[in-house]
Structures are given as C-alpha cells and as structure tokens.
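Please keep the sequence and the structure in view while reading.

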Amino acid sequence: MKLICYLSNGYPTIQASLQIAQQYVDAGCDVIEVDFPGRDPYLESDLISMRMKQALEACDDYEAYMDGMAEMRRRLPDTLLLLMLYEDTLLEIGYDRFVAFCHQNSFADLILVGLKDDDVKRRLIADGLKVSCYVQYDLPEEEVAQAVSSNGFVYMQAKPMGSRRHPACPDLADCISYLRAQGIDRPIYCGVGVHSPADVDMVKAAGADGAFIGSAILKLHGDAPALAREIQAFKKCC
C-alpha cells in the first residue's frame with residue numbers, strides 16, 4: 001500500500017516546499033499530494049486554509065508555483081505527484097496553460113475540487129489527464145456514479161462522520177468492496193481521519209491501495225528529524 005503525504009505548497013516558501021518534498025521521499029513517502037494554494041479554500045481544514053493564505057501572501061503568482069512544481073518533478077522523477085487545486089485556480093491560470101503545464105512535466109493525476117459543474121472535468125479527461133473523485137463514507141449514489149464514470153483514482157473517506165454509514169457497508173472494507181463491485185479497478189486511496197499508524201493499519205486491512213496523511217505530518221514541518229520518524233512509522237504500516 002502506498003503512503004501519500006500532503007504538502008502545503010508555498011508554505012512558508014516555494015523553495016522550502018522543495019526541501020520538504022525531498023524530506024518526505026527520503027523518509028519513505030511514496031506519493032506526494034501537492035497543492036496550488038486556493039484564494040478561497042472553503043473545503044479545507046483551518047490548518048490548510050491558513051497555510052494557503054500565508055503561501056499566497058508570500059507569493060501570489062501561480063506561474064511561480066508551476067515553476068516550483070516543475071523543479072519538484074525534476075528532483076523527484078520516480079515519485080508520483082498528485083496535483084490538488086480548486087477549479088477557480090485552474091481557470092485563473094488559464095485552461096490551456098494548465099493542461100500544457102501538466103503534459104510538459106508529466107503530471108497526469110489531479111484532485112480537482114470546488115467544481116461548479118462537470119464541464120472542466122470532462123475537458124481535462126478528454127485532454128488526457130486523470131481526475132480523481134471523492135466518495136464519502138456513506139457512499140452517496142451520485143458520488144459513486146461520478147467515481148465509476150471518471151478515470152482517476154478514487155479518494156475514499158476513511159472514517160465516517162458521526163453515524164453516517166451506508167446500511168450495507170458499515171466498515172471501510174465493505175465500502176471498498178462495494179466500489180470494486182461497481183467495476184472500479186483504479187486505485188482507491190483513503191484519507192480524512194487518518195492520523196496515526198493504527199489508522200493506516202485499518203486502511204491497509206480494508207484493502208485500500210493507499211493512505212493519505214495530512215495534519216499529522218504538516219504539524220512537524222520545521223522539525224526534520226521528527227518529520228522523518230513520523231513518516232517512517234506510517235510507512236512501516238504500509
């Protein structure tokens with residue numbers, strides 16, 4: 001199973017993000033989720049929203065972020081990099097400019113959030129990029145249908161919100177089996193609520209292809225030894 005670590009790109013600087021990405025990989029991270037800081041990150045946690053805000057205060061030029069990501073790709077040619085961005089950010093960059101950037105730097109996997117409709121998503125898929133779909137723990141029919149019809153990995157919520165569960169799928173393993181039964185043979189990565197090695201054990205036992213780690217490692221930026229130890233602890237469970 002793959003260990004996927006979230007990187008707040010541009011926090012505290014773009015150059016610092018390049019160093020942190022290298023620390024992730026040196027410690028055993030398999031995949032890095034790299035964000036474009038959004039101007040209105042209304043879907044993010046307070047921690048990530050604050051970091052996006054501070055990143056944009058330090059540099060609000062998305063061309064600079066793309067230059068940094070291109071350099072990250074050059075430095076880490078064997079690491080899968082997932083690009084996360086809001087639809088508004090993509091449109092501010094410019095659709096054609098963004099697609100060209102992805103193809104030029106071998107970025108194929110996107111986490112696109114804040115969609116107004118499916119138009120941009122469909123265009124990206126038609127242009128050869130893979131767009132992930134988020135599915136909540138209670139497996140809403142519309143979200144499952146979106147995941148079935150998309151071409152990227154499935155981002156499956158790892159833990160329920162309160163008592164919200166699908167009546168036939170009380171556990172994460174049941175949720176993953178349900179998605180597989182719908183014909184999804186692409187990777188299913190689980191995140192949201194994965195904070196400890198025990199959580200990673202649970203995700204692996206459920207049959208997921210990867211586990212997203214966010215705040216547990218973000219809070220250790222600035223303490224490289226502690227960051228490495230934490231990533232290594234998660235990696236052992238994968």
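The account below takes up the sheet, the core, the pocket and some backbone details in turn.

The model is a predicted one: local features require pLDDT of at least 70, side-chain atom pairs count only at pLDDT 80 or more, and totals for chains, interfaces and linings use all residues. Residues are numbered from 1 along each chain as its sequence is written, and side-chain values use heavy atoms, with hydrogens and water left out.

## The sheet

Nine strands form an open sheet in the order β5-β4-β3-β2-β1-β9-β8-β7-β6, with parallel pairing. Its edge strands are β5 and β6 (133-135), each of which pairs on one side only. Helices (H or I, at least four residues) and strands (E, at least two) are DSSP runs numbered from the N terminus, and two strands pair if DSSP finds at least two bridges between them. In general, strands of a sheet pair through backbone hydrogen bonds, either parallel or antiparallel.

| Strands | Bridges | Residue pair |
|---|---|---|
| β2 (residues 31-35) and β3 | five | Ile 32 and Leu 81 |
| β3 (residues 80-86) and β4 | four | Met 84 and Ile 111 |
| β4 and β5 (residues 130-131) | two | Asp 109 and Lys 130 |

Strand β4, helix α6 (residues 119-126) and β5 make a right-handed β-α-β unit. Right-handed here means that, with the strands pointing away from the viewer, the path from the first strand over the helix to the second runs clockwise.

Strand β4 (residues 109-113) is largely enclosed by the rest of the structure, because five of its five residues are buried. Buried denotes under 20% relative accessible area, exposed over 50%, and partly exposed in between (1.4 Å probe, protein chains only). In a regular strand the side chains alternate between the two faces of the sheet. Both faces of β4 are covered, with Asp 109, Ile 111 and Val 113 buried on one side and Leu 110 and Leu 112 buried on the other.

Leaving aside neighbours within four places in sequence, Phe 98 is in contact (heavy atoms within 4.5 Å) with Phe 36, Leu 85, Leu 90, Ile 93, Leu 110 and Leu 124.

## The pocket

On a 1 Å grid over the protein atoms alone, a pocket is an open set of points where a 1.4 Å probe fits, with protein on both sides within 12 Å along at least five of seven lines; lining residues have an atom within 4 Å of a point. The largest pocket is lined by 36 residues, of which Leu 43, Val 113, Tyr 134, Tyr 155 and Val 192 lie nearest its centre. Elements that each supply at least two lining residues include β4, β6 and α7 (141-149).

## Backbone details

Most residues other than glycine have a negative phi, and most peptide bonds are trans. A cis peptide bond, with omega about 0 degrees, joins Tyr 11 and Pro 12; Pro 12 lies in the loop between β1 (2-7) and α1 (14-27).

Ser 106, in the loop between α5 (95-104) and β4, has a positive phi near 60 degrees. This residue is exposed, with a relative accessible area of 57%. Leu 139 has a positive phi of about 55 degrees and lies in the loop between β6 and α7. At 3% relative accessibility, Leu 139 counts as buried.
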